[in-house]
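The sequence and structure come first.

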Amino acid sequence: MTDRREVRATYGFFEDLDRQLSPERGLNGEPSTADFQTIELLRIVDRFAEQFDDLPELIPDRPDYRVLISSGVLVRALSVVGQLAPDGAIELVSIDIDLDWH
């Protein structure tokens, strides 16, 4: 069984999310921030919690920063940066979403 790390999203992560998605669903089916948090964020948290050490380093020789690049359920693709905190938890610090909707 794999150890599962604690994961928490930073204020900056949610600021990035709010800049990229609307509070309401778009007329063409674009997801809202609530849709994203309900469906995509849980998948992101699970990947960082269970596979942080297997994700690629964001900065060479800085294993405390990892990046997840993945397709999404609601969005075409996303990139999330996580940082290992001093207490051993993973902090999600930024997100970039490919807004070219399915």
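## Contacts and fold

The model is predicted. In the protein chain, 51% of the contacts with a separation of 6 or more are between residues 24 or more positions apart.

The protein chain contains two helices and four strands, and their order along the sequence is β-α-α-β-β-β. The chain is as compact as a globular protein of its length, because its radius of gyration of 14 Å is close to the 13 Å that the globule rule gives for 102 residues. Along the principal axes, the C-alpha atoms fill a box of roughly 40 × 25 × 25 Å.

## Surface and charge

Buried residues make up 35% of the 102 in the chain.

The protein chain carries 10 positive and 21 negative charges.

## Nonpolar core

The largest nonpolar core consists of 19 residues. Phe36, Ile44, Phe48, Val80, Leu92, Ile95 and Ile97 have the most contacts inside it. At least two residues of this core come from each of helix H1 (11–20), helix H2 (33–51), strand S3 (77–84) and strand S4 (90–98). H2 supplies the largest share, five residues.

## Surroundings of Ile97

Ile97 is one of the core residues with the most contacts inside the core. When neighbours within four places in sequence are left aside, Ile97 is in contact with Leu17, Gln20, Leu21, Phe36, Val75, Ala77 and Leu78.

Note on methods: Residues numbered from 1 in each chain as written. Predicted model: local features only at pLDDT ≥ 70, side-chain atom pairs only at ≥ 80, totals over all residues. Heavy atoms only, no water. Rg over C-alpha atoms; globule rule 2.2 N^0.38 Å. Buried < 20%, exposed > 50% of the residue type's maximum accessible area, 1.4 Å probe, protein only. Contact = heavy atoms within 4.5 Å. Lys, Arg positive; Asp, Glu negative; His and termini not counted. Charge placed at Lys NZ, Arg CZ, Asp CG, Glu CD. Core = buried A, V, L, I, M, F, W, Y, C linked by side-chain atoms within 4.5 Å.
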